[in-house]
Amino acid sequence: QVINLNRAVIKGAETGVKFSLGALSATVNYTYLDAQDRTEGRTDDKLPYKPKHTVYAALDYQYARFKPGASLRYVSKVEEAIFYPYDAPKAFYVVNAKLSYNVSDQITLSVAINNMLNRQYEEMARYRMPGRSIAFRMVIE
(Lines give C-alpha, C1' and ligand atoms only; values in the text may rest on other atoms or scores of the structure.)
Protein backbone atom coordinates (compact mmCIF):
# COMPACT_ATOMS: atom_id res chain seq x y z
CA GLN A 1 0.00 0.00 0.00
CA VAL A 2 1.34 3.40 -0.97
CA ILE A 3 1.20 6.09 1.72
CA ASN A 4 1.81 9.69 0.68
CA LEU A 5 4.93 11.32 2.01
CA ASN A 6 3.87 13.99 4.51
CA ARG A 7 7.08 14.79 6.32
CA ALA A 8 10.72 14.23 5.37
CA VAL A 9 14.07 15.25 6.79
CA ILE A 10 17.10 15.23 4.51
CA LYS A 11 20.53 15.75 6.06
CA GLY A 12 23.91 15.24 4.56
CA ALA A 13 27.29 16.59 3.67
CA GLU A 14 29.10 17.23 0.43
CA THR A 15 32.78 17.81 0.01
CA GLY A 16 34.99 18.25 -2.98
CA VAL A 17 38.57 18.84 -3.99
CA LYS A 18 39.76 20.33 -7.24
CA PHE A 19 43.42 20.76 -8.08
CA SER A 20 45.75 21.33 -10.99
CA LEU A 21 49.37 20.40 -11.44
CA GLY A 22 50.67 21.83 -14.67
CA ALA A 23 48.64 20.35 -17.51
CA LEU A 24 46.94 17.80 -15.23
CA SER A 25 43.73 18.65 -13.38
CA ALA A 26 41.60 16.50 -11.09
CA THR A 27 38.27 16.76 -9.30
CA VAL A 28 36.89 14.53 -6.55
CA ASN A 29 33.47 15.02 -4.93
CA TYR A 30 31.75 12.97 -2.23
CA THR A 31 28.16 13.26 -1.02
CA TYR A 32 26.67 11.62 2.07
CA LEU A 33 22.89 11.71 2.32
CA ASP A 34 20.70 10.73 5.28
CA ALA A 35 17.14 10.98 3.96
CA GLN A 36 14.43 10.11 6.46
CA ASP A 37 10.70 9.70 6.07
CA ARG A 38 9.02 11.05 9.22
CA THR A 39 5.46 10.42 8.04
CA GLU A 40 3.23 9.07 10.83
CA GLY A 41 2.24 5.44 10.39
CA ARG A 42 5.32 4.44 8.42
CA THR A 43 7.08 1.33 9.73
CA ASP A 44 10.57 2.45 8.62
CA ASP A 45 12.29 5.79 8.49
CA LYS A 46 14.19 5.64 5.19
CA LEU A 47 13.17 7.92 2.37
CA PRO A 48 12.82 5.70 -0.72
CA TYR A 49 15.13 5.83 -3.75
CA LYS A 50 17.84 7.94 -2.08
CA PRO A 51 21.39 6.49 -2.14
CA LYS A 52 23.54 7.27 0.93
CA HIS A 53 26.88 7.64 -0.86
CA THR A 54 27.80 9.23 -4.17
CA VAL A 55 31.37 9.74 -5.43
CA TYR A 56 32.49 11.56 -8.57
CA ALA A 57 36.10 11.73 -9.76
CA ALA A 58 37.50 13.23 -12.95
CA LEU A 59 40.98 13.55 -14.41
CA ASP A 60 41.95 15.75 -17.39
CA TYR A 61 45.23 16.41 -19.14
CA GLN A 62 46.04 19.23 -21.57
CA TYR A 63 48.63 18.40 -24.23
CA ALA A 64 49.07 21.01 -26.95
CA ARG A 65 45.61 21.25 -28.61
CA PHE A 66 44.46 17.88 -27.21
CA LYS A 67 42.63 17.34 -23.94
CA PRO A 68 41.99 13.71 -22.94
CA GLY A 69 39.99 13.02 -19.81
CA ALA A 70 38.10 10.40 -17.87
CA SER A 71 35.51 10.39 -15.10
CA LEU A 72 34.06 7.88 -12.69
CA ARG A 73 30.74 8.06 -10.86
CA TYR A 74 29.85 5.68 -8.02
CA VAL A 75 26.39 5.51 -6.43
CA SER A 76 25.64 3.22 -3.46
CA LYS A 77 22.64 0.90 -3.43
CA VAL A 78 19.15 2.18 -2.70
CA GLU A 79 18.18 0.88 0.73
CA GLU A 80 14.44 1.57 0.49
CA ALA A 81 12.14 1.02 -2.49
CA ILE A 82 8.36 1.22 -2.40
CA PHE A 83 7.56 -0.01 -5.88
CA TYR A 84 9.24 -3.30 -6.82
CA PRO A 85 11.13 -3.65 -3.49
CA TYR A 86 12.94 -6.79 -4.71
CA ASP A 87 14.24 -4.85 -7.70
CA ALA A 88 15.68 -1.89 -5.75
CA PRO A 89 18.63 -0.37 -7.63
CA LYS A 90 21.99 -1.90 -6.69
CA ALA A 91 25.24 0.04 -6.25
CA PHE A 92 26.91 0.91 -9.53
CA TYR A 93 29.80 2.78 -11.07
CA VAL A 94 30.11 4.28 -14.52
CA VAL A 95 33.29 5.28 -16.36
CA ASN A 96 33.26 7.91 -19.12
CA ALA A 97 36.09 9.11 -21.36
CA LYS A 98 36.47 12.13 -23.61
CA LEU A 99 39.02 13.52 -26.06
CA SER A 100 38.81 17.13 -27.21
CA TYR A 101 40.80 18.88 -29.90
CA ASN A 102 40.96 22.67 -30.26
CA VAL A 103 40.99 23.28 -34.00
CA SER A 104 41.22 27.03 -33.31
CA ASP A 105 40.29 29.51 -30.59
CA GLN A 106 36.67 29.31 -31.77
CA ILE A 107 36.25 25.63 -32.76
CA THR A 108 36.54 22.54 -30.56
CA LEU A 109 35.91 18.97 -31.70
CA SER A 110 35.37 16.17 -29.22
CA VAL A 111 34.47 12.51 -28.98
CA ALA A 112 33.06 11.04 -25.77
CA ILE A 113 32.53 7.42 -24.78
CA ASN A 114 29.81 7.28 -22.16
CA ASN A 115 29.47 4.17 -19.96
CA MET A 116 32.75 2.96 -21.39
CA LEU A 117 32.60 -0.43 -19.63
CA ASN A 118 29.03 -0.97 -20.85
CA ARG A 119 27.72 -1.47 -17.29
CA GLN A 120 24.07 -2.38 -16.89
CA TYR A 121 22.60 -0.40 -14.01
CA GLU A 122 19.44 1.27 -12.80
CA GLU A 123 18.96 4.55 -10.98
CA MET A 124 15.24 3.85 -10.53
CA ALA A 125 13.75 0.38 -10.14
CA ARG A 126 13.19 -1.31 -13.51
CA TYR A 127 14.45 1.69 -15.47
CA ARG A 128 17.62 0.55 -17.21
CA MET A 129 20.15 3.27 -17.98
CA PRO A 130 21.77 3.38 -21.43
CA GLY A 131 24.70 1.17 -22.28
CA ARG A 132 27.88 2.32 -23.97
CA SER A 133 27.43 5.19 -26.40
CA ILE A 134 29.74 7.37 -28.44
CA ALA A 135 29.00 11.06 -28.97
CA PHE A 136 30.72 13.43 -31.38
CA ARG A 137 30.49 17.14 -30.75
CA MET A 138 31.58 20.35 -32.43
CA VAL A 139 31.47 23.64 -30.51
CA ILE A 140 31.77 26.94 -32.35
CA GLU A 141 32.11 29.99 -30.11
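1. The residues that line the largest pocket of this predicted model divide into 3 nonpolar, 6 polar and 5 charged. The pocket itself holds about 230 Å³ of space, and of the 14 residues in its lining, those closest to the centre are Lys67, Lys98, Ser100, Thr108 and Ser110.

2. Which residues form the nonpolar patch on the surface? The patch is made up of Leu21, Leu24, Leu59, Tyr61, Tyr63, Phe66, Leu99, Tyr101, Val103, Leu109, Met138 and Ile140, and together these residues have about 1,100 Å² of accessible area. The elements that give two or more residues to this nonpolar patch are β3 (53-61), β5 (92-102) and β9 (133-140).

3. Met138 has its place in strand β9, and because its relative accessibility is 55%, Met138 counts as exposed. Phe66, by contrast, is found in strand β4 and is partly exposed, with a relative accessible area of 39%. The C-alpha atom of Phe66 is separated by 5.7 Å from that of Ser100, although the two residues are 34 residues apart along the chain. Ser100 has already been named among the residues closest to the centre of the largest pocket.

4. A search of the whole structure finds 4 salt bridges. Side chains of opposite charge can pair when their charged atoms come close. One of these bridges is formed where the side chains of Lys46 and Glu79 meet, with a distance of 3.7 Å from N to O. Lys46 lies in the loop between β2 (24-37) and β3, whereas Glu79 lies in the loop between β4 and β5, so the pair ties together parts that are 33 residues apart in sequence. Lys46 is partly exposed, its relative accessible area being 37%, and Glu79 is partly exposed as well, with a value of 38%.

5. Another salt bridge is the one in which the side chains of Arg73 and Glu123 meet, at 3.0 Å from N to O. This pair links distant parts of the chain, since Arg73 belongs to strand β4 and Glu123 to strand β7 (residues 122-124), and the two are 50 residues apart. With a relative accessible area of 27%, Arg73 is partly exposed, and Glu123, at 33% relative accessibility, also counts as partly exposed.

6. Arg128 and Glu122 form a further salt bridge, in which the closest N and O atoms are 3.6 Å apart. Are the partners buried or exposed, or do they lie in between? Arg128 is partly exposed, with a relative accessible area of 48%, while Glu122 has a relative accessible area of 18% and is therefore buried, the limit for that word being under 20%.

7. The loop between β4 and β5 deserves a separate remark, as it is also the place of Glu80.

8. Ala64, whose place is in the loop between β3 and β4, has a phi near 55 degrees, which is a positive value in a residue other than glycine. Asn115, in the loop between β6 and β7, likewise has a positive phi, of about 50 degrees, although it is not a glycine. Which of the words buried or exposed applies to Ala64, and which to Asn115? Ala64 counts as exposed because its relative accessibility is 63%, whereas Asn115 is buried, with a relative accessible area of 3%.

Key:
Residues numbered from 1 in each chain as written. Predicted model: local features only at pLDDT ≥ 70, side-chain atom pairs only at ≥ 80, totals over all residues. Heavy atoms only, no water. Patch = residues over 30% accessible without salt bridge, like charges linked within 9 Å, V, L, I, M, F, W, Y side chains within 5 Å. Areas by Shrake-Rupley, 256 points an atom, 1.4 Å probe, with all protein chains shown as cover. Helix = DSSP H or I, 4+ residues; strand = E, 2+ residues; numbered from the N terminus. Buried < 20%, exposed > 50% of the residue type's maximum accessible area, 1.4 Å probe, protein only. 1 Å grid on protein atoms, 1.4 Å probe; cavity = no way out; pocket = protein on both sides within 12 Å on 5 of 7 lines; lining within 4 Å. Points joined across faces, edges and corners; volume = space filled by probe spheres on them. Nonpolar A, V, L, I, M, F, W, Y, C, P; charged D, E, K, R; others polar.
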